[in-house]
Amino acid sequence: MTGLSLADFSLPLREPLGTAKGAITSRDGWLVGVDRDGQRGIGEATPLPGWTESHDECDETLRDLADSWPGVPDRETPAARHGVTLALHDAQAREADVPLGRHLAGPDAPVADSVPVNATLGDAPVAETVDRAESAVDAGYGTLKLKVGVRDPEEDVERIRAVRDAVGAGVTLRADANGAWDYTTARDVLVELAEIGVEYVEQPVPATELGALSSLRGRGVGVAADESLAEYSVREVVEADAADTLILKPMALGGPESTLRAVGKARTAGVSSVVTTTIDGAVARAAAVHVAACLPGDRAHGLATGDLLAEDVGPDPVPVVDGRISVPTGPGVVGDSFDSLVWDG
Ligand SMILES: [Mg+2]
């Protein structure tokens, strides 16, 4: 038997998520099953407005492909492409009886057993931010990410300074401005953050301002490109010298393999990468953990996103324990534990 099977899902979010196209209250997508002569593989396509094709476009692409199987969706529909290419890699990895990370990295490259993840502290006032930071450190997180840019820049600096004072020098701090600042504000804030000790700021200025991002580098705080990668290709961002670090979302990049290619392209130019999700379901989240395990170093990734969902497609195969996620050791992404959601028997 050969073919493409689809199982749609709608996963309510704990809190509405603001996107470029308005607030959403659920993550809607498909588990994508491929059957290659009896060898099954599962992927996930969970489009996110602003980052991928629309839900309707993804739906149409997957349905057309199911009718004309086999094939692979093109880069214009990265979520559909993610679902299908992940399922194909899962099938190959299961056939070879190796975890997805080992399959993607090849037999000789190092693959981590676990990856550290950052805690996200949101944009609460100073006292609450400090409480959240202390709870996260107590729970084992070694890297904390604060949302900035919603409050006055002075208040954001005060929040970060208060967290640094509370958690000490051994904890890595990151900030994410989601493009909120203009160049001058960003430059002034970076001076203060350099003194406090902050690893990087994600998207200090708007996504399209690659020249400003480039000018903000080299000031003692890393510059990370996130939303810019929804506007430009990895190559364009790297060639513009716009970032020290790329925030890579496999769902937006068209799958695990294209994500690792982006990592390699960036690394050649001396740019590091951090893997995160588009707040995906368990299958895509587990796949992103495998991808992160293929990256060098022991740097925190943005993969602690399962808790943002009020419901998931199944039990979490990649829970956070002591600030780390263990990479699943079974064949493929998560073995056959989600097969019953796609196939009846
Ligand atoms: Mg970000």
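1. Ground rules. This is a predicted model, so local features are taken at pLDDT of at least 70 and side-chain atom pairs count only at pLDDT 80 or more, while totals for chains, interfaces and linings use all residues. Numbering runs from 1 along each chain as its sequence is written, and side-chain values rest on heavy atoms, with hydrogens and water left out.

2. The magnesium site. Which residues hold the magnesium ion? The protein donors are Asp176 (OD), Glu202 (OE) and Asp226 (OD), at 2.1 to 2.3 Å from the ion. Donors here are N, O and S atoms within 2.8 Å of the metal (3.2 Å for Na, K and Ca); water is not among the atoms, so sites may look incomplete. Along the sequence, the donor residues follow the spacing D-x25-E-x23-D. Asp176 in strand E7 and Asp226 in the loop between E9 and H8 link distant parts of the chain, 50 residues apart.

3. What the record says. UniProt, in an unreviewed entry, puts the feature "binding site" at Asp176, Glu202 and Asp226. These positions span 51 residues in sequence, yet no two of their C-alpha atoms are more than 9.2 Å apart, so they gather at one spot. A word of caution on that annotation: UniProt positions are given in the numbering used here, feature names are shortened, and annotations may be inferred rather than shown by experiment.

4. Asp176. This residue belongs to strand E7 (residues 172-176). Helices (H or I, at least four residues) and strands (E, at least two) are DSSP runs, numbered from the N terminus. Asp176 has a relative accessible area of 6%, so it is buried; the cut-offs are under 20% for buried and over 50% for exposed, with partly exposed in between (1.4 Å probe, protein chains only). Leaving aside residues up to four places away in sequence, Asp176 touches Lys145, Leu146, Lys147, Val148, Glu202 and Asp226, where contact means heavy atoms within 4.5 Å. Its side chain also makes a polar contact with the side chain of Lys145, at 3.4 Å. For a polar contact, read a pair of N or O atoms within 3.5 Å; within protein, one must be able to donate a hydrogen and the other to accept it, and residues adjacent in sequence count only if both atoms are side-chain atoms.

5. Asp226. Is Asp226 buried or exposed? Its relative accessibility is 6%, so Asp226 counts as buried. The residue sits in the loop between strand E9 (222-225) and helix H8 (228-231). Beyond residues up to four places away in sequence, Asp226 touches Trp51, Asp176, Glu202, Gln203, Ile247 and Lys249.

6. Ser228. Helix H8 contains Ser228, which is buried because its relative accessible area is 0%. Its side chain has two polar links to look at. A polar contact of 2.9 Å joins it to the side chain of Gln203, and the backbone oxygen of Ala207 is reached at 2.7 Å. Among the residues that Ser228 touches, not counting those up to four places away in sequence, are Leu210, Leu213 and Val237.

7. Thr245. Strand E10 (residues 245-248) is where to find Thr245. With a relative accessible area of 3%, Thr245 is buried. Its contacts, not counting residues up to four places away in sequence, include Tyr200, Val223, Val271, Val274 and Arg299.

8. The E4-E13-E12 sheet. The 3 strands form an open sheet in the order E4-E13-E12, with antiparallel pairing. Strand E4 (114-116) and strand E12 (320-321) are at the edges with a single partner strand each, so one side of each has no neighbour in the sheet. Two strands pair if DSSP finds at least two bridges between them; here 3 bridges join E4 to strand E13 (residues 324-326). Within that pair, Val115 stands opposite Ile325.

9. Val334. Past the sheet, Val334 lies in the loop between E13 and helix H13 (339-342). Its relative accessibility is 15%, so Val334 counts as buried. Val334 touches Ala286 and Pro317, not counting residues up to four places away in sequence. Its C-alpha atom is separated by 22 Å from that of Val274, 60 residues apart along the chain.

10. Cysteines. How many disulfides does the structure hold? The count is 0, a disulfide being a pair of cysteine sulfur atoms within 2.5 Å. Cys58 counts as buried because its relative accessibility is 0%, and Cys294 counts as buried at 14%.
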